[in-house]
Amino acid sequence: MFDVTGNFQYGVYHTDYFNKVNGFQAMIMQSQQDADRVITCFTEAIAAGYDPTLVTVQNAVFKKAGVDINNLDDFNRRRIEKKVNEIWESKQNEF
């Protein structure tokens with residue numbers, strides 16, 4: 001599935017095995033980029049007055065970001081949840 005051979009300490013494009021991309025690191029990096037896009041979309045939705053706890057809003061945000069939640073790793077799912085909760089709570093404290 002993924003070529004996880006090579007030396008991980010030098011980044012995604014460095015392996016000692018036929019100069020292949022390190023698939024595991026590429027997967028982690030993609031998950032992080034996707035999570036960043038989702039957080040940005042949630043931030044915009046909250047600023048527009050939408051409630052991020054609603055499933056319809058969550059579905060719309062993930063669709064706008066072009067991200068399937070099942071493709072995110074657990075770390076980035078928790079990171080999204082934590083950041084969105086922080087933004088939502090700060091928005092609620094404004095009133």
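**Whole chain**

The model is predicted, so local features require pLDDT of at least 70 and side-chain atom pairs count only at pLDDT 80 or more, whereas totals for chains, interfaces and linings use all residues. Residues are numbered from 1 along each chain as its sequence is written, and side-chain values use heavy atoms, with hydrogens and water left out.

Begin by displaying the entire protein chain as a cartoon. The chain holds three helices and zero strands, and its pattern along the sequence is α-α-α. Here helices (H or I, at least four residues) and strands (E, at least two) are DSSP runs, numbered from the N terminus. Of the 95 residues, 27% count as buried; the term buried denotes under 20% relative accessible area, exposed over 50%, and partly exposed the range in between (1.4 Å probe, protein chains only). Among contacts in the chain with a separation of 6 or more, 46% join residues 24 or more positions apart, a contact being heavy atoms within 4.5 Å.

**Helix 1 and helix 3**

Next, select residues 23-47, which form helix 1, and residues 74-93, which form helix 3. Two packed helices are described by the angle between their axes and the distance between the axes. For this pair, the axes come within 10 Å and cross at roughly 20°, which makes helix 1 roughly parallel to helix 3. Axes are lines fitted to C-alpha atoms, for helices over the stretch in contact, and angles run from 0 to 180 degrees between N-to-C directions. Angles under 35 degrees count as roughly parallel, over 145 as roughly antiparallel, 65 to 115 as roughly perpendicular, and the rest as oblique.

The crossing of helix 1 past helix 3 is right-handed, meaning that the near helix is turned clockwise from the far one by less than a right angle.

Now show the side chains at the contact.

**Asn-76 and Ser-31**

Centre the view on Asn-76 in helix 3. Asn-76 is buried, at a relative accessible area of 2%. Apart from residues up to four places away in sequence, Asn-76 touches Ser-31, Gln-32 and Ala-35. Its side chain makes a polar contact with the side chain of Ser-31 at 3.0 Å. A polar contact is a pair of N or O atoms within 3.5 Å; within protein, one must be able to donate a hydrogen and the other to accept it, and residues adjacent in sequence count only if both atoms are side-chain atoms.

Move to Ser-31, in helix 1, which is buried with a relative accessible area of 3%. With residues up to four places away in sequence excluded, Ser-31 touches Asn-71, Leu-72, Asp-73 and Asn-76.

**Further along helix 1**

Select Gln-32, also in helix 1; Gln-32 is partly exposed at 41% relative accessibility. The C-alpha atoms of Gln-32 and Asn-76 are separated by 6.4 Å.

Continue to Thr-43 in helix 1, partly exposed at 32%. Its C-alpha atom is separated by 7.3 Å from that of Val-84, 41 residues apart along the chain.

Finish at Glu-44 in helix 1, partly exposed with a relative accessible area of 39%. The C-alpha atoms of Glu-44 and Val-61 are separated by 9.3 Å.
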